[in-house]
Structure formats: C-alpha cells, structure tokens
Amino acid sequence: MRIGPRSPIQPGRPYPLGATWTGRGVNFALFSENAEKVELCLFDSSGKKETARLILPERTDDVWHGYIPNLRPGQLYGYRVYGPYDPQTGNRFNANKLLVDPYARALSGVLNWHPSCYAYRYGHPKADLSFDKRDNARHVPKGVVVKTDYPWGAQQLPETPWHDTVIYETHVRGMTLKNPDIPAQDRGRFLGLSHPAVLEHLVGLGVTAVELLPVQSFASEPHLSERGLTNYWGYNPLSFFAPHPAYAQNHGPDEFKAMVERFHDAGIEVILDVVYNHTCEGNHLGPTLSWRGIDNRSYYHLTSEDPRYYHNHSGCGNTLNVAHPRVLQMVMDSLRYWVETMHVDGFRFDLASAVARGPRGFEGAGAFLAALRQDPVLQRAKLIAEPWDLGPQGYRLGGFPTGWREWNDAYRNVVRGYWRGDDGHLGPVATRLSGSSDLFWKRSPLASLNYITSHDGFTLADLVSYNGKHNQANGENNADGTNYNLSWNCGVEGTTEDPAISRLRRQQRRNLLATLMISQGVPMLLMGDERGRTQQGNNNAYCQDSDLSWVDWSPLNDEERHFQDFLRDLIALRRNHPALRRLTFFTGRPKPGDETSGIKDVTWLSPQGWEIRAEEWSVPQNRCLGMHINGAEPGVQDDRLLILLNAHSDAIPFTLPGPAYGHRWSVLLDTARADTPTDEDDEPGRPYGWGEAFPLLGRSLVILADRTSPRSEGYPS
C-alpha cells in the first residue's frame, strides 16, 4: 500500500507499545512523557526513501499512538519526536533525527557513524549545547513491522533443574565462523550455532544450557569504528527486542526461533546475556539514536545537580533509569517477549546492580527485583545476576533475593589463587568448594554460579600460559583490561615447545576444571576451553572479531583430544554423583539417619588422615586438604566421596581416613595421572584401604569413592 503525506491515520490504541500488526493494519504506540509532538516516518523496502510522515494523532497517559489500516508486516519505520532541546534541563529533543522505536521487533539497515547522528554540531566549540539540523535518516537502522507467530512444533522445554545444570557461555559468531561442518552461509549466525555439528559437540560434552553473549541488536562505538574494530561481544545495546541483524540472513525473529527450537530438541536450554543497564547512546557527547531523542529525562539516570550529565554506573557513559515506571515496563515487556514469543529459558543480567538501582542506589527490595519476583511469566525463567556495577556501593555479591543465581567472582579468584600456589587459601578454598555459605547462607549453594573463566578475561589455556595481559591488538597501548588475573605461566610467557611446561599447563587446566565440577553450586564453562582456545594473552577481547576470539575447529592433537574427553568424563562424573550437586548447604553434622556413625556430612581432612585442626587452617603455607562427603541429600544415598587437593609442587602421601569414613577407596579421577589416553580394556587401579598412604602427586586433584555403601536408584543422575 502506498501512503501519501496526507493519508488519514486513525487514533488507534496506546497499547501494546511498539508496532503491532493486527491482521488488518498496524498500530503504533510510543511512550514519551516530555514530548510535544511525535511523527511516524514510513520508508520503502530499501530504507533509503521516506514514503510518508504522519503525526501520531492521540496521546493517552504519555503514550502517543495511531493506527494505519492495510499496512502490512515488512514495513520499515522510525520516529521523529518534537520538544525542547535544552541539555541543561535534561531535554534533548531534535526532530531532525530519525529515532529507532525502543519496541521494534526487528531492525533493517546498519548504523553508520555520520556527524548527523548527533543532536548537536559534532566538533562544535560548545559541544552538546549546540544544535544540529541535519537529517540522519540515511545513516540509522529502521524498525520493521513483523509477525510474531511461528510454527513451533511439539516442543518440549528442557526445564533442567538448577542442580543438574551445566552452562556453556558462548558467542554466536565466535563459536561457528571457523567450523567447516557448518554451511558457509550459516556460519556466524543463529542457524550456524544450532547446526548439528555444534549441537552434537555440546550434547557430547554434557552441557545442559548455552549462555549467549548479547544477541539483542547492538552497535559498535565510534572510537572502535575509527580504528577498524567492532564491538564483538555486543555489550552496547541498540534495541532490547530486535535480534542482532548480522546474526540472521533475513531480518526478523524467525531464524532466532528456529535456533531455540533446535536447542530444545537437543535438550539444551538457551539463556541470554542481556544488557539493561545502559544503551549505545553513551554520555552527554554521544549520538541520538533512540531513547535520548524520545525522552532523555525519563530513560536515563541524570545527575540531580546538573541534568546535562549522566550517572555512569555502567562505565559506558550512561545508566538506564529502570526505576522509572515506563522504563521498568520496557524492561519487563522485553523479558516477557523473549520468554513467551522467542521461547528462551533464562537471562544473565550484565551489571545487574545497575539495573536494580533506584533513587537511593541499589535497592534489593526495589521495583525491578520486586517486579521480577511476582511476574507469572518470568517466574519460570532462569535468572542470573552479574552482581556488581561501577557505581557507589555497586558490588552486591550475595545481595540478590531468592530465585536468583549470581556470578561468583569470589569463587573464581580463590580457586585461581589456590592452584597458583598462593599462601593463605586453605580455608577460602574449602568455603568455595562447599557452596560459598558465607555469601548465600540465606538461600542455598545453588545460588552460586561458579566459574573459572568467562568471556571477560583470560581463556583457560591463557590462564596457565601468561602472567600478564597482552592486549596490544586492541589499540589502547595495553592499558585496557584488568591486571588482576591470578594467572601463572608455568615457567615461560606464552607459547612454548618445552614438553614439561606443556604437560604442567594441561595438568593445571585439569585441576581448575575438576575443582569447578566437584564444587557445590552451578558450574559455567567458557566457549572453547575444552579445546585449548587461546586469545594469545588478550584478556579483554571485546573488540576482536577475528581469529583471536573465534574457536579453531581444526582437528585436535592427541593431548587436546584427550583433554576434551577428560572434561566430558568429568561432567558425567558430576552428573552421576548427587553428592556433588546438593540442594542444601552442608551442616557439619552427621546426615539424618546416620547419627550413630558420628561421621559428618562433610569432613575436612589433613594429609595425616585426621580432621583438620583449627590452628592448621591458619598456616599460610598449607596447600593440601581432603574433603570427605558422607553421601548426598537426606533420603538419597550416594557413594562416600573423598576429594584430595594438593597445590604444592611436591608429592604428599595422604593417609586415607577410616575405618568409619570408608573401607575400600577406588580412584575415580586423578588429574596428575590423566595426561595420556588409556584403553577401554585397561584394568582400573587397585582399591586403597583405610589407613593407607595415597601417593598424592604435586599439583593434583584426586577423587575417590567408597563402594561399600549401596546407592539409591531414585535420584536423578
């Protein structure tokens, strides 16, 4: 249908927000509390020619709305919003700028960093106090009217319980671009990520959920574009509803939905890393692309003493004002959309403390967290917090309410420091192994999301290969990225041909992953760590859309193939032992029904075979301990497990406790003796009796099981 500039537009409805196809036309609704007029601009299929500019005729409760009969899905559109341009009062309206609908379900076109994308005269002596009259429409994406229906099959949601969950953090492009088994047209896209070559790999490892780095549409920062780089990670949102256009061949949500359907068919959940703490519009000198030009005072936290400036709790120039009812509505509508329409299973909230900020700072009982707790749709979704931001009192690890899991960087730091051989880590590593009750005592060990590596920092291979960061490729003189890595290069910085160092590095990688999988809580792995992926010492590869960040799918050598098999077996071991996946914290007392034995549900042992004494915990040089687990949850019988950890460089004979603790100990895993493949026909090692000295090698972790107790068949394994 062709609409001329004088074509009638009907009042329509103020809900739902966004562009909604009714089957007979499209309803448009946009919130702006401080605007004076809103124009809807329609474009041809190329996005280059504006075909109509129509005033939204009605305003209801600060929602501007209108309805156009016979308009159909596929229509491209944007808004021009009128009002005062007065940055010193917080108003930044400029109707010369075409704005992206915050509720657009799809975007067409790319963002080109042109001076007209700024509401002020870019480079003007008065900076943002000046005013720019140029039209930016040719340089910004347009919203797309879409149909939200999809022919979902007889889909069964995995609904994996938290205690069975193993998360794999991954990136749509990085995981697929170099995989030769994926068709070339699908690499780097949603369909490539859900190709059988990837699904079979993840299922084979034992992964139950993928956590995708941002897939909501995002933009690269101007300073990166100037250097020929891009925001590869995607933590710079341009839309909270539209999938990133580069991840699909056709704009719209269908390819994303097809990906989710494939993952679910494979029994794998899909968790999205979402960025509701800031937007790509940056600080007061940033561009005007959407929210800033629609209603700057409502959408952002502005400083009270001078509303020209933004609170920068995100470190990215601005902070979204989720305390505002309409902004909170946008976030909640977005989350429900991804669950109800796109069928995702959960979310990891980037800088979640910033999202939960209100007028008084972080609000544990504030509007955002309260809204999530009561929402009937989102109650079934997995919710994960990155529990900090860069603002005052922003570090909130352990401070999120019931129902949340939290990225536990205290776990990461302690485990890294322990295996590096740092002093004073005996007590802290015991606390982290047992679920971090010091942090999550009001909840359960399952509140702790444990990880050794993530997208932000060294890969696992680099963690044992570099003492310092090597971020020169980022073009910031190696000044970006943290210096607090708790890494150890095992003797030489970077790559080496020394077989002894290479062997030690593989052993340290096994130690770190084995610790992760035997710890109480929810484990998360990083993409490619199972294959020895390296970023050549770059610990901040956010702008590296290159071989530096992508997974290399070349055939593995024997050592790396065996390492991947080791991780697969390790995940299976965790799955088969409910004692490693407890629903409640250890009590330090005998488990119910076993009081007569006097054996606690967990006992910490010294190498001499006795329970660690109080004074031994405080000896800085002590780096060896045993963890005896007396079965699993009440009413569920598991093998008694004995986990021995030795972060010393030398071997230590570890006296096995008994006889009450166990009689015949079989080795399930030994990280120091797992460097070479073994034949399936090889005889298992001999059992060890209580009182024997187990030869615990240097820098190793060993898991033993006492087979004398019957196991329940009723526990999920």
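Ala 127 is placed in the loop between strand 10 and strand 11. Its phi is near 50 degrees, a positive value in a residue other than glycine. Helices (H or I, at least four residues) and strands (E, at least two) are DSSP runs, numbered from the N terminus. The model is predicted: local features need pLDDT of at least 70, side-chain atom pairs count only at pLDDT 80 or more, and totals for chains, interfaces and linings use all residues. Residues are numbered from 1 along each chain as its sequence is written, and side-chain values use heavy atoms, with hydrogens and water left out.

Two strands pair if DSSP finds at least two bridges between them. Strand 7 (residues 76–82) pairs with strand 11 (residues 142–144) in the antiparallel sense, over two bridges. Here Tyr 77 stands opposite Gly 143 of strand 11.

The protein chain is divided into domain 1 (18–145), domain 2 (167–281 + 317–579) and domain 3 (585–706). These bounds come from an automatic or database domain assignment. The centres of domain 1 and domain 2, taken over C-alpha atoms, are separated by 34 Å. In contact (heavy atoms within 4.5 Å) are 17 residues of domain 1 and 21 residues of domain 2.

Two helix pairs were examined. Axes are lines fitted to C-alpha atoms, for helices over the stretch in contact, and angles run from 0 to 180 degrees between N-to-C directions. Helix 3 (residues 196–205) and helix 15 (residues 558–576) have axes that come within 8 Å and cross at roughly 55 degrees. That makes helix 3 oblique to helix 15. Angles under 35 degrees count as roughly parallel, over 145 as roughly antiparallel, 65 to 115 as roughly perpendicular and the rest as oblique. Helix 3 contributes His 201, Gly 204 and Leu 205 to the contact, and helix 15 contributes Gln 564, Leu 567, Arg 568 and Ile 571.

Helix 10 (residues 409–420) packs with helix 11 (residues 426–433) at an angle of about 130 degrees, with their axes 9 Å apart. Helix 10 is therefore oblique to helix 11. Ala 410, Tyr 411, Val 414 and Tyr 418 of helix 10 meet Pro 428, Val 429 and Arg 432 of helix 11. The residues of this contact divide into six nonpolar, no polar and one charged. Ala, Val, Leu, Ile, Met, Phe, Trp, Tyr, Cys and Pro count as nonpolar, Asp, Glu, Lys and Arg as charged, and the others, Gly among them, as polar. Ser 436 is found in the loop between helix 11 and helix 12 (437–440). Its phi is near 60 degrees, again a positive value in a residue other than glycine.

Cis peptide bonds were also located. One joins Tyr 15 and Pro 16, with omega about -10 degrees. Pro 16 is in the segment before strand 1 (18–21). A cis bond also joins Gly 658 and Pro 659, with omega about -5 degrees. Pro 659 lies in the loop between strand 25 (652–655) and strand 26 (664–670).

Arg 699 lies in the loop between strand 28 (693–696) and strand 29 (700–706). Leaving aside neighbours within four places in sequence, Arg 699 is in contact with residues including Trp 419, Trp 488, Asn 646 and Thr 671.
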